[in-house]
Amino acid sequence: MEKCRVGIIGCGGIATGKHMPALKKQHRRAEMVAFCDIILEKAQEAAKTFGIEGAKVYTDYRALLEDKTIDVVHVCTPNRSHAEISIAAMEAGKHVMCEKPMAKTAEEARMMAEAAKRTGMKLSIGYQNRCTPEVWTMKRAAEAGEFGEIYYAKAHAVRRRAVPTWGVFLNEYEQGGGPLIDIGTHALDMTLWVMNNYKPKMVVGSVFKKLGDQTETGNAWGDWNPAEYTVEDSAFGFITMENGATISLESSWALNIAEPMEARTTVCGTLGGADMMDGLRFNKVQYGYQTITKFAMGPGGVAFYDGTSESPADKDCRLWLDAILEDKEVIVKPEQALVISEILEAIYVSGKTGKPVYFGEGKGNA
């Protein structure tokens with residue numbers, strides 16, 4: 001295969017802002033030939049902006065999947081339909097890039113992973129924050145043993161007042177949750193990937209809806225409608241892994257905190273640690289002294305030059321196409337994304353019951 005024929009299912013903000021622009025930059029290796037959305041006008045506009053000449057438009061994803069010339073499907077719909085569409089696409093012989101999180105529930109995510117094994121199709125999940133220069137460098141350092149054994153980490157996904165007020169973000173039925181499943185999922189993925197640890201043992205969670213009923217909110221995207229706010233505004237998890245390592249996960253769309261931190265991770269090992277508090281910083285003891293190394297990831301002060309860089313979304317898309325066209329492993333494996341869904345669900349369950357959730361045999365073994 002020299003070029004992928006791609007179908008887009010779901011033509012909302014995440015598709016038009018991330019998936020389709022990244023695919024268009026890869027036009028020599030991929031062409032968008034079909035677009036589907038329950039709102040016909042959205043599919044038509046996407047086809048006009050991003051599609052090849054004669055690109056087809058659908059309102060029913062099943063009709064799109066009947067096209068045997070389509071090699072790849074990007075699933076960019078609300079969380080509730082991720083599993084249904086992804087499984088149907090793989091059974092129809094399509095490779096699938098599904099937007100994060102993997103699914104609304106851990107069971108649905110497990111069904112997706114099983115479908116990938118059963119059909120032999122490639123399945124990956126859109127955790128593009130792995131592809132930031134900071135996380136990519138932390139991963140390289142971890143693999144080189146620079147941190148030693150990573151036994152403590154923090155996953156940061158906290159906003160002060162940035163609740164998404166469009167689409168179905170506030171709808172628990174469609175999404176399965178709020179900030180935890182929306183942005184907390186990214187922070188957890190980054191952290192587990194750097195640690196290379198996918199074997200959770202126990203989770204304790206706290207889930208809060210303390211600010212959703214407020215009106216004069218100071219929200220970045222305008223006041224939310226309390227009547228539509230059916231998800232949490234904050235959720236926090238304490239995760240213990242089988243090897244004893246511990247992870248603290250914090251997620252919020254609206255928290256009274258002076259210094260928000262989103263899409264960041266902190267790792268602490270026996271030989272050193274790293275954080276993203278002020279750019280990328282490594283810390284360790286060297287020649288008997290505490291040291292901090294800060295990475296310069298920009299162009300280095302060259303006049304009239306901003307440097308050359310590849311956005312995380314673009315890099316994620318390039319690596320995804322590499323996996324298909326060159327038959328390589330996907331960067332985000334289904335088994336890894338499944339563990340993330342299992343941990344997120346455990347935090348929700350623990351927050352509701354007030355009890356820890358223990359992982360049984362067969363879970364958390366990516």
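Modeller: Rings of Phe, Tyr and Trp (its six-membered ring) pair if their centres lie within 6.5 Å, and planes under 30 degrees apart count as stacked, over 60 as edge-to-face and the rest as tilted. This is a predicted model, in which local features need pLDDT of at least 70 and side-chain atom pairs count only at pLDDT 80 or more, while totals for chains, interfaces and linings use all residues. Residues are numbered from 1 along each chain as its sequence is written, and side-chain values use heavy atoms, with hydrogens and water left out.

Biologist: How many aromatic pairs does the structure hold, and which kind is the pair of Phe 147 and Phe 282?

Modeller: The structure holds eight aromatic pairs. For Phe 147 and Phe 282, the ring centres are 5.1 Å apart and the planes stand at 75 degrees, so this pair is edge-to-face.

Biologist: Are Phe 147 and Phe 282 buried or exposed?

Modeller: Buried means under 20% relative accessible area, exposed over 50%, and partly exposed in between (1.4 Å probe, protein chains only). By that scale, Phe 147 and Phe 282 are both buried.

Biologist: Which residues do ring pairs link into a cluster with Trp 166?

Modeller: Trp 166 is partly exposed, with a relative accessible area of 43%. Ring pairs join Trp 166 into a cluster with Phe 169, Trp 221 and Trp 253.

Biologist: Which residue lies over the face of Trp 136?

Modeller: A charge sits over a ring if NZ of Lys or CZ of Arg is within 6 Å of the ring centre and within 35 degrees of the ring normal. Over the face of Trp 136, at 3.6 Å from the ring centre, lies Lys 315.
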